[in-house]
Amino acid sequence: MDDIQEPGLPQGSPLSPVLYILYNGNLLLGKINAEGGDMGFVDDYTAWVVGNSAEENILKLQEAVIPRVVDWERKSGATFEADKTQLIHFTRNRANAQRPFTPLRMNRADISPQATVKVLGVHLDEQLRMSEHIQKAAQRAKV
């Protein structure tokens, strides 16, 4: 039998981090500060902003992050799937947790805020109490 060669790198290749940086360099800002930031890992991208209200944060995301993501998507040939894109507002101040929230708009799709999201295997809730993550970890420990 002939060995069929698949394009790409083997998992764990030392070239992977270097190629990731080269390929995604235009997507990642490379800074994290008190106003926001972003990070990437393999095929996951996470961006966040900090503001005084959910509406202010939506405006920042819509005007600064979404255009950069869409531009990178167009230039790289990659795609962000709206059904896999998550949005959450973190706050413990219930006065700032106004509802209904305005959704983000990306590639003609609305992305509505959720009560919990999963980022690199960690379940985060709106108040960052980690209750769902703890519950799921406890369930796995019982098995």
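User: Is Glu56 buried or exposed, or partly exposed?
Analyst: In this predicted model, Glu56 is partly exposed, with a relative accessible area of 29%. That value lies between the 20% limit for buried and the 50% limit for exposed, which is why the middle class applies.

User: And which residue does Glu56 form a salt bridge with?
Analyst: Its partner is Lys60, and the closest N and O atoms are 3.3 Å apart. Lys60 is partly exposed too, at a relative accessible area of 28%.

User: Where do Lys60 and Glu56 lie?
Analyst: Both are in helix α2, which covers residues 54-76. They are four residues apart, about one turn of the helix.

User: While we're on α2, how far does it reach from its first C-alpha to its last?
Analyst: The span is 30 Å for 23 residues, close to the 33 Å expected at 1.5 Å a residue.

User: Where is the kink in α2 centred?
Analyst: On Gln62, with an angle of about 35°.

User: Which residues in α2 are buried?
Analyst: Quite a list: Ala54, Asn57, Ile58, Leu61, Val65, Ile66, Arg68, Val69, Trp72 and Glu73.

User: Which residues are joined into one network?
Analyst: Asp71, Arg74 and Lys75, through salt bridges that share partners.

User: And how accessible are Lys136 and Glu132?
Analyst: Lys136 comes out at 30% relative accessibility, so it counts as partly exposed. Glu132 is at 22%, which also makes it partly exposed.

User: Which residue meets Lys84 in a salt bridge?
Analyst: Glu81, at 3.9 Å from N to O. Lys84 is exposed, with a relative accessible area of 60%, whereas Glu81 counts as partly exposed at 41%.

User: Switching to the nonpolar side: which residues make the nonpolar surface patch?
Analyst: Leu9, Leu15, Val18, Leu19 and Leu22 make a patch of about 470 Å². Leu19 belongs to helix α1, residues 16-24, and counts as partly exposed at 40% relative accessibility.

User: Where is confidence lowest, and where highest?
Analyst: α1 has the lowest confidence in the protein chain, with a mean pLDDT of 82, while strand β1 (residues 32-33) has the highest, at 94. For the chain as a whole the mean is 87, and 92% of its residues reach 70 or more.

User: Nice, β1 then. Is Ile32 buried or exposed?
Analyst: Exposed, at 59% relative accessibility, and its place is in that strand. The C-alpha atoms of Ile32 and Trp48 are separated by 9.3 Å, and the two residues are 16 apart along the chain.

User: Now backbone angles. Which residues have a positive phi although they are not glycine?
Analyst: Arg108 is one, at about 65°, and Leu120 is another, at about 50°. Arg108 is in the loop between β4 (104-106) and β5 (109-111), while Leu120 is in the loop between β6 (116-119) and β7 (122-125).

User: How accessible are Arg108 and Leu120?
Analyst: Arg108 counts as exposed, at 75% relative accessibility. Leu120 is partly exposed, with a relative accessible area of 45%.

User: Last one, the overall picture. In what order do the elements run from the N terminus on?
Analyst: The order is α-β-β-β-α-β-β-β-β-α, with three helices and seven strands in the chain. The C-alpha trace spans about 65 × 45 × 30 Å along its principal axes. Of the 143 residues in the protein chain, 24% are buried.

Conventions:
Residues are numbered from 1 along each chain as its sequence is written. This is a predicted model: local features need pLDDT of at least 70, side-chain atom pairs count only at pLDDT 80 or more; totals for chains, interfaces and linings use all residues. Side-chain values use heavy atoms; hydrogens and water are left out. Patches are made of residues with over 30% relative accessible area and no salt bridge: like charges are joined within 9 Å, nonpolar side chains (Val, Leu, Ile, Met, Phe, Trp, Tyr) within 5 Å. Accessible areas come from the Shrake-Rupley method with a 1.4 Å probe; for residues, only the protein chains shown count as cover. A salt bridge is a side-chain nitrogen of Lys or Arg within 4 Å of a carboxyl oxygen of Asp or Glu. Helices (H or I, at least four residues) and strands (E, at least two) are DSSP runs, numbered from the N terminus. Buried means under 20% relative accessible area, exposed over 50%, partly exposed in between (1.4 Å probe, protein chains only). pLDDT is the predictor's confidence in each residue, from 0 to 100. The expected span of a helix is 1.5 Å times one less than its number of residues. The bend at a residue is the angle between axes fitted to the seven residues ending there and the seven starting there.
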